[in-house]
Amino acid sequence: MRKIVKAILGACLCAVAVPSFAQTAGSSADAYAIMKAAEDKAAPKTTHALVKLELVDEKGGLSERVIEQWSAEDAAGLARSVIVFHTPATVKNSRFLTVENAGRDDDKWIFLPALKKVRRIAASEGGSSFMGTEFTYDDMATRKLDDYSYRLLGSEAVGGRDCDIVEALPKDPKKSQYAKIVTWMAKDPEIRLPLRAQMYKDASTVGKTLTMEEIAQVDGYWMPLRLTMKNEETGRATRLVQQKMELDKAVDERRFTVKFLETGRVE
Amino acid sequence: MAIRSGAASGRRPASPAAAVLAILFAAGFFAAGGAAAAQEDGGSFFEEAPAAEAGGLFGGLSLSGSLTTVFRAFPDADDPAGTPVSAFPLADVELAWRGDAVDLVFRGTARQDAVPGSPSARVEEAYGRVYLGPADLQLGWIKQEWGKGDGLHAVDVLNATDFGDFRDYDEVSWRLPEPMAKLDLHLGPMAKLELAYLPTFTPDSFPRTGRWAHSEAVALQASVEAALKAWGQAYYAQVYTSTMTQMSTALQSQGMLAGQAAIVAAAQAETAASLAVAQAAPAKAALALREPDTRTLEFGQGALRFTTTTGPVDWGLVGYAGFLRRPAARAFDLYVPAVTAASDPRVELSYERTWMLGAEAAGVLAGFNLRGEAAGYLTKDLSGDDPAAKNPLAVWVAGFDRDFLEGKLNLNAFAKGEHVLVDDKISSPADVDKAEHYSTVVVVAKLGAKLLNETLSVSALGSYRVEDRGWKAKPEVAWTWKDVAVLTASYSVFGGPDDSTFGQYAANDNLALSLKVSF
């Protein structure tokens, strides 16, 4: 089964990320087709991006972080992704590696420079905040298309673009940090990006809302350049701003190694 | 720590490590040299940015670190140290230069203690690192943690530990830097072989005086003083008896009138001198407790570690040829009945050679991050019946951490066991292994919560040593402001029997406040 590189943060960083899902009956067939089309849309094999994360507290106070991310598929089509934290000083040179596996959970390691040590992270930590942002580790994990069932809820314009509204329910709620995800998927087949997504903490309560504030074509792909994940309960938000991006350019395989985690070097 | 009477052997520890490692270095290097070169990419966007924007100074030079102000209050009214509050600034600075294939790193700390005129500064790390394709070589004063455990380890052999300021188990900063040459051979994406040669040896550091004086070190010092006092008294009694006998003989042979005053004066002088020696004996304890000079090549050590990933498990093997970091104590001339002024009563500490083989593993099962280590420390006394030599030792660490409530709560729990092997052969009270317990287990658990996007963390740390029932508890709250400053408040409580690992610090319960600013 084909997997995709993450859903949400990946959507910003990689443009291949769309919540993906499985077929049920009735309008779910249309919903499944929409999500399948989004997943099958041509996607870059590699990404390299420099991203600014703006952490906005409930009073509007701002703190910034700069991260850099490389991702590429291996020969089997499985995704690898590494993220480097450049600022602020408290997290500088922290590095995070995710390796997708066939048939089991992703492997995740984090290098914390204060400890000079690479540490494996369990999938169970997926619901926790990713380095203090509104994104979780699960938000950056791969998702299987058939782990969800779908329903087409209607259509609505977001930012002037027509969207299909698709509801995704996890087949095994224990494996998902969200009770459901409702996605506003751009109808334009060239774009096919989720322009808005609401993550529900239970059947009726929206926990977080993801909004694509700016999208554009980069190296021939439609990409989000600026997006915000807002925690509806706390009022806090994390805004991701693409500062620089390259797609389908060579990514050194040595980025996805313990050596790079420990040293930040590939040579 | 038992004191054993014996004669000085004059033996120096051999150092086969260098030769063995020279072979391994070469073998590993050539094996790794065959790895295929990867396709290079365009490098980091961030490093292309102007130096100031990228956090650097100029030309690959960067400066980072932190400044921390610490206040500690010791509310115990019976505090023997009589220092209810200590306050000190602590600076931690790292200056690094990053070249095309070379890193140069200097990290040092400076601390001004509450006691006037006692500034302390030390080099935490100072090393160069050369990148040679699949290998990289580090040379200098390095701190390097080995093992999968969190804070507690069985295979962490490269650095000594400074117990000068009692800290928690999860601190890395209390390790002492060690001069070493370390070669890392990257054998695959997640596989690595590390080879280290340490030309000299640093033992663990236990304070013998002050607030955090370690009970074992204090006991050793006290036992030396007591032994010297006993030696002085025996010496005085022996001299007094001898002098009186000589005086009596002289008086009888020379008559009561001839030279009486001179004979009595000589006897008085001799007995007074011996009394002075006897009275001064305990004061000699500091001089009589002697440690070997481990800053010599005879104390060279070698270590290797292979780590890799197989499926969902990270694992590794570790080997070490070096020395036990805790000393054995042997006494000389302390208990000899026929003492003279020329006797040299003393206690010599020695660090015994050991050969360690260990394994480590980490994996995920049912949401638990499981981690473990096990090691056997072999010594020359494999049969355990040599009272002058340390018995072999088995050490293990096992534990886990797990998130709950969608990562808002984390429980981290580890246990470490140490077992003196063939302890049934320890019969002599003077055996260097003589102890109340030959198996010890310490359990450390931390329950923590991260709130408000990790800007507020609340935790409770507990430590318990099973054998002596000593314990420590430390609730802590930390607030991070703008990713720059961290304000921390904690309260440490020590309990258990007075002679227990933690109970000995019962007078040191303390409230600590710190403000740390990173740059």
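The model is a predicted one.

The size of an interface is often given as the accessible area lost when the parts come together. Here, the area buried between chain A and chain B is about 4,700 Å², with carbon and sulfur atoms giving 48% of it. On the side of chain A, the residues that lose the most area to chain B are A:Lys116, A:Arg120 and A:Arg265, which together make up 15% of what that side buries. Counted by residues, 57 from chain A are in contact with 60 from chain B.

Several elements of chain A each supply at least two residues to the side that touches chain B, including strand 2 (46–56), strand 6 (107–112), strand 15 (237–247) and helix 3 (258–263). Strand 3 of chain A gives the largest share, seven residues. Salt bridges between chain A and chain B number eight.

B:Asp401 pairs with A:Arg119, and their closest N and O atoms are 2.9 Å apart. Because B:Asp401 lies in strand 16 of chain B and A:Arg119 in strand 7 of chain A, this pair joins two chains. Both B:Asp401 and A:Arg119 are buried.

Strand 7 of chain A, residues 117–121, also contains A:Lys117. Is A:Lys117 buried or exposed? With a relative accessibility of 12%, A:Lys117 counts as buried, because buried means under 20%. The side chain of A:Lys117 reaches across to two backbone oxygens of chain B: that of B:Gly147 at 3.2 Å, and that of B:Gly149, which lies 2.5 Å from a polar atom of the side chain. Leaving out residues up to four places away in sequence, A:Lys117 touches residues of both chains, among them A:Ile110, A:Phe111, B:Glu145, B:Asp150 and B:His153.

B:Val395 belongs to strand 16 of chain B, residues 393–404, and counts as buried at 6% relative accessibility. How far apart in space are B:Val395 and B:Glu418, C-alpha to C-alpha? The distance is 4.5 Å, although the two residues are 23 residues apart in sequence.

B:Asp150, also touched by A:Lys117, has a salt bridge of its own with B:Arg371, where the closest N and O atoms are 3.0 Å apart. This pair links distant parts of the chain: B:Arg371 sits in strand 15 (residues 368–378) of chain B, while B:Asp150 sits 221 residues away in the loop between strand 6 (135–142) and strand 7 (178–186) of chain B. B:Arg371 is buried, at 6% relative accessibility. Elsewhere, salt bridges that share partners join a set of residues into one network, including A:Glu262, B:Arg129, B:Asp136, B:Lys148 and B:Glu360. Over all chains, the count comes to 44 salt bridges.

Within chain A, a further salt bridge connects the side chains of A:Arg226 and A:Glu213, at 3.2 Å from N to O. A:Arg226 lies in strand 14 (residues 221–231) and A:Glu213 in strand 13 (residues 206–218) of chain A, so this pair ties together parts that are 13 residues apart in sequence. A:Arg226 is partly exposed, with a relative accessible area of 31%, and A:Glu213 is partly exposed at 37%.

The nonpolar cores complete the picture. The largest has 53 residues, and A:Tyr150, A:Leu195 and A:Leu210 have the most contacts inside it. Apart from neighbours within four places in sequence, A:Leu195 is in contact with A:Leu210 as well as with A:Val158, A:Trp184, A:Met212 and A:Ile215, among others. A separate core of 39 residues includes B:Val157, B:Tyr351, B:Phe414 and B:Leu461.

Methods. Residues are numbered from 1 along each chain as its sequence is written. Chains are lettered from A and ligands numbered from 1 in the order in which they are written. This is a predicted model: local features need pLDDT of at least 70, side-chain atom pairs count only at pLDDT 80 or more; totals for chains, interfaces and linings use all residues. Side-chain values use heavy atoms; hydrogens and water are left out. Helices (H or I, at least four residues) and strands (E, at least two) are DSSP runs, numbered from the N terminus. Buried means under 20% relative accessible area, exposed over 50%, partly exposed in between (1.4 Å probe, protein chains only). A polar contact is a pair of N or O atoms within 3.5 Å; within protein, one must be able to donate a hydrogen and the other to accept it, and residues adjacent in sequence count only if both atoms are side-chain atoms. Contact means heavy atoms within 4.5 Å. Buried area is the accessible area (1.4 Å probe) that two parts lose on being put together, summed over both. A salt bridge is a side-chain nitrogen of Lys or Arg within 4 Å of a carboxyl oxygen of Asp or Glu. A nonpolar core is a set of buried Ala, Val, Leu, Ile, Met, Phe, Trp, Tyr and Cys residues joined through side-chain atoms within 4.5 Å.
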